[in-house]
Amino acid sequence: MSSPTPDALLGPADVRELAAALGVRPTKQRGQNFVIDANTVRRIVRTADVRPDDVVVEVGPGLGSLTLALLEVADRVTAVEIDDVLAAALPATIAARMPARADRFALVHSDAMHVAELPGPAPTALVANLPYNVAVPVLLHMLDTFPTIERTLVMVQAEVADRLAAGPGSKVYGVPSVKANWYAEVKRAGAIGRNVFWPAPNVDSGLVSLVRRTEPVRTTAPKAEVFAVVDAAFAQRRKTLRAALAGWAGSAAAAEAALVAAGVSPQARGESLTVEEFAAIAENRAGPDAPDTARLAPHALSTEESRPS
């Protein structure tokens, strides 16, 4: 592998100059906060355990700070960018700062929520500084759409990181926690200070590591049905599951029957259940006479969990 030049990564002055040349002003609408510290992006790559044979997909590359750090190590990097100006400029930035690796880079100009395929070899890792306002839906969509992604490291708002990594019984355990755990083992992987971003955000950031399950959750229930149970349980998280799942099951009595059959107390609340227990409840829903439930996409969140922090 060709070695990049020592100054290949973007520093604070580089980021500001590049943004000025492009007429780019970070927007809150798209949650844009550009990383301006080379040590931070290298730390992210190390924490993500990016390897020389990895095919990495990055969502929201912005001006390319993390992209360049990923190209230092990975075999290939595919970046998904929605912004027209940023998408147009990134290939030139890569070619100028890391010419020996430019042929290992690909750009997909699209909304990540609509990406169904990627060019080149299948991705093995996802590493991204995710826009805070769409972090969880994008993460779940990518994990669902690309099952070859084995390792993921995302930088998100600290509160979102806490929710994703929370376990049953935690006050912040909810829809993101359960759905992420359907795909992977999830844990917090560090904190990121505000001063490494431009502009500096008003919230703290955290790293979340997700390692895909070697064995999927054992269940005969379709994922959509399991996720429907999760959504229903947390839409009214203060209620017992007997009450919260009444709409999903058709009645409170039907919900109780499904819970008892699954070995879950009807008086329990969603925040105490594992993903396996949610799957068991889904398996025991009444048969063909049960009402249809809305089939939510893998990234769908309950009303409560989708509210901004």
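This is a predicted model: local features need pLDDT of at least 70, side-chain atom pairs count only at pLDDT 80 or more; totals for chains, interfaces and linings use all residues.
User: Leu130, then. Where is its place?

Analyst: Leu130 sits in the loop between E5 and H5. Helices (H or I, at least four residues) and strands (E, at least two) are DSSP runs, numbered from the N terminus.

User: Is Leu130 buried or exposed, and which residues is it in contact with?

Analyst: Leu130 has a relative accessible area of 3% and is therefore buried. Leaving aside neighbours within four places in sequence, Leu130 is in contact with Val59, Ala135, Val138, Leu139, Val154, Met155 and Val156. Gly60 is 70 residues from Leu130 in sequence, yet their C-alpha atoms are 6.3 Å apart.

User: Changing topic: in what order do the strands of the open sheet come?

Analyst: The sheet has 7 strands in the order E4-E3-E2-E5-E6-E9-E7, with mixed pairing. Its edge strands, each pairing on one side only, are strand E4 (105-109) and E7. Neighbouring strands are turned by 20° against each other on average, direction ignored. Axes are lines fitted to C-alpha atoms, for helices over the stretch in contact, and angles run from 0 to 180 degrees between N-to-C directions. Two strands count as paired if DSSP finds at least two bridges between them.

User: How many bridges link E5 and E6, and in which sense do they pair?

Analyst: Strand E5 (residues 125-129) pairs with E6 over 5 bridges in the parallel sense. Within that pairing, the bridge partner of Leu126 is Thr152 in E6. On to E9: E6 and strand E9 (residues 205-212) run antiparallel and are joined by 7 bridges, with Val156 facing Gly206 in E9 as its bridge partner. Strand E3 (residues 76-81) runs parallel to E4 with 5 bridges, and Val80 stands opposite Val108 in E4.

User: Why is E6 said to be largely enclosed?

Analyst: All 7 of the 7 residues of strand E6 (residues 151-157) are buried, so this strand is largely enclosed by the rest of the structure. E6 also belongs to a right-handed β-α-β unit with E5 and helix H5 (residues 135-145). Right-handed means that, with the strands pointing away from the viewer, the path from the first strand over the helix to the second runs clockwise.

User: Which strands does H5 lie across?

Analyst: H5 lies across strand E2 (55-59), E5, E6 and E9, and runs at about 170° to E6. H7 also packs on the sheet, where it touches E7 and E9, and its direction makes about 120° with that of E7.

User: Which residues of H6 are buried?

Analyst: In helix H6 (residues 158-165), the buried residues are Ala158, Val160, Ala161 and Leu164. Seen down the axis of H6, its buried residues fall within an arc of 160°, so they line one face of the helix. The arc is taken over the directions from the helix axis to the C-beta atoms. These buried residues pack against H5, E6, helix H7 (175-183), strand E7 (184-192) and E9.

User: Last one on backbone geometry: which peptide bond is cis?

Analyst: The bond from Trp198 to Pro199 is cis, with omega near -10°. Pro199 lies in the loop between strand E8 (197-198) and E9. Separately, Asp49 has a positive phi of about 55° although it is not a glycine, and its place is in the loop between helix H2 (38-47) and E2.

Methods: Residues are numbered from 1 along each chain as its sequence is written. Side-chain values use heavy atoms; hydrogens and water are left out. Buried means under 20% relative accessible area, exposed over 50%, partly exposed in between (1.4 Å probe, protein chains only). Contact means heavy atoms within 4.5 Å.
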